[in-house]
Amino acid sequence: MLVTEEILGDVKRRLQAAVATRRHAMHAPVVVDPTGDARIMVLRGVDDGLATLRFHTDARSPKAALFARGAAATVLAYDPDERVQLRMKGVARIERAGPMADAAWAATSTMGRRCYLAEHAPGVPVAAPGATLPQALGQRRPTLEESEAGRTNFAVLLVSVLEIDWLQLDSRGGTRAVLRRAGLDAPWQGGWVSP
Ligand SMILES: Cc1cc2nc3c(=O)[nH]c(=O)nc-3n(C[C@H](O)[C@H](O)[C@H](O)COP(=O)(O)O)c2cc1C
């Protein structure tokens, strides 16, 4: 099998398992923005072409402004049991409206929607520790109707992968491959590199 097929198949299998399984080591990778700032985000979806690694976020958060259309993004994940690191670079965009955001919101549980009901944007100084949820919702799950108020603060972050650096550690020094494509319609190219 070609290196590109082998590695792409491996990456897709790992990421699809990571989306489906909360306890998967790659369920919550590090996402790096163009300024170099980094944060953990839950990987919510991945399509076969790696054109959309999907994350959910608060549209008011600083990162939502940083990931303007075409901004560079790096997604970094590590599975310690399998000793595999995936370093994926690509271009990002934020979608607040449209079919992707609507479908993602529709599939989000009322508990998942609760954080989008916070009265203050993430990172805003507040007088007391903790979340700034409306008082009535501090201790309970919102109803479906109550949760709809969060839709305006909800956004999807989509990362289209253009470069994959795949590293598997082992006792002999490891195996590493780097693949790149010039654009989403361009073929993947690359191969094994020295770890
Ligand atoms: C396990 C874990 C999962 C997280 N998942 C998300 C997520 O899916 N989306 C998100 O916006 N923030 C998530 N966060 C919070 C971010 O890491 C970050 O603190 C927050 O979004 C503010 O980031 P910003 O200031 O860069 O916008 C998660 C944090 C942890 C620890």
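Visitor: Let's start with a single residue. Where is Leu50 found?
Guide: Leu50 sits in the loop between β3 and β4. Bear in mind that this is a predicted model.

Visitor: Is Leu50 buried or exposed?
Guide: Leu50 counts as buried, because its relative accessibility is 1%.

Visitor: And what is phi of Leu50 near?
Guide: Phi of Leu50 is near 55 degrees. That is a positive value in a residue other than glycine.

Visitor: What about phi of Arg83?
Guide: Phi of Arg83 is near 55 degrees, again positive in a residue other than glycine. Arg83 lies in the loop between β5 (71–79) and β6. Arg83 counts as partly exposed, because its relative accessibility is 37%.

Visitor: Back to the loop between β3 and β4. Where does Thr52 lie?
Guide: Thr52 lies in that loop, between β3 (45–46) and β4. At 15% relative accessibility, Thr52 counts as buried.

Visitor: Which residues is Thr52 in contact with, leaving aside neighbours within four places in sequence?
Guide: With that exclusion, Thr52 is in contact with Gly45, Val46, Asp47, Met100, Leu158 and Val159.

Visitor: Let's zoom out. How many helices and strands does the protein have?
Guide: The protein has five helices and nine strands. From the N terminus on, the order is α-β-β-β-β-α-β-β-α-α-α-β-β-β.

Visitor: What does the C-alpha trace span along its principal axes?
Guide: About 55 × 35 × 30 Å. The protein has 195 residues, and 44% of them count as buried. Its accessible surface comes to about 10,500 Å². Carbon and sulfur atoms account for 53% of that surface.

Visitor: What share of contacts join residues at least 24 apart?
Guide: That share is 62%, among contacts between residues at least 6 apart in sequence.

Visitor: New topic. Which residues surround the ligand?
Guide: Arg39, Ile40, Met41, Val42, Arg44, His56, Thr57, Ser61, Pro62 and Lys63 surround the ligand.

Visitor: What lies 3.0 Å from an oxygen atom of the ligand?
Guide: A polar backbone atom of Val42 lies at that distance. On the His56 side, a polar backbone atom is 2.8 Å from a nitrogen atom of the ligand. Lys63 uses its side chain: an N or O atom there is 2.7 Å from an oxygen atom of the ligand.

Visitor: How much of the ligand does the protein cover?
Guide: The protein covers 56% of the 620 Å² of accessible area that the ligand has on its own.

Visitor: Which elements give two or more residues to the shell around the ligand?
Guide: Those are β2 (38–40), β4 and α2 (62–66).

Visitor: What feature does UniProt place at residues 37–94?
Guide: The UniProt record, an unreviewed entry, places "domain: Pyridoxamine 5'-phosphate oxidase Alr4036 family FMN-binding" there. In the model, the span is 9% helix and 53% strand. Its end C-alpha atoms lie 17 Å apart.

Visitor: Now a helix. Which residues of α3 are buried?
Guide: In α3 (residues 99–106), Ala101, Ala104 and Trp105 are buried. They cover an arc of only 100 degrees around the axis, so they are on the same side of α3.

Visitor: Why would residues three or four places apart point the same way?
Guide: An α-helix has 3.6 residues a turn, so residues at that spacing point the same way.

Visitor: What does the face of α3 turned away from its buried side carry?
Guide: That face carries the exposed residues Pro99 and Ala106.

Visitor: And what covers the buried residues of α3?
Guide: The cover includes β4 (53–58), β6 (84–95), α4 (110–114), α5 (144–147) and β7 (154–168).

Visitor: Let's pick up β7. Is Ala155 buried or exposed?
Guide: Ala155 is in strand β7. At 0% relative accessibility, Ala155 counts as buried. Not counting residues up to four places away in sequence, Ala155 touches Phe55, His56, Thr57, Ala59, Ile94, Glu95 and Arg96.

Visitor: One more. Where is Asn153 found?
Guide: Asn153 is in the loop between α5 and β7. Asn153 counts as buried, because its relative accessibility is 11%. A polar contact of 3.5 Å joins the side chains of Asn153 and Arg60.

Methods:
Residues numbered from 1 in each chain as written. Predicted model: local features only at pLDDT ≥ 70, side-chain atom pairs only at ≥ 80, totals over all residues. Heavy atoms only, no water. Buried < 20%, exposed > 50% of the residue type's maximum accessible area, 1.4 Å probe, protein only. Helix = DSSP H or I, 4+ residues; strand = E, 2+ residues; numbered from the N terminus. Arc of directions from axis to C-beta. Contact = heavy atoms within 4.5 Å. UniProt positions renumbered as here; feature names shortened; annotations may be inferred. Near = heavy atom within 4 Å. Polar contact = N/O pair within 3.5 Å; in protein donor to acceptor, adjacent residues only side chain to side chain. Areas by Shrake-Rupley, 256 points an atom, 1.4 Å probe, with all protein chains shown as cover.
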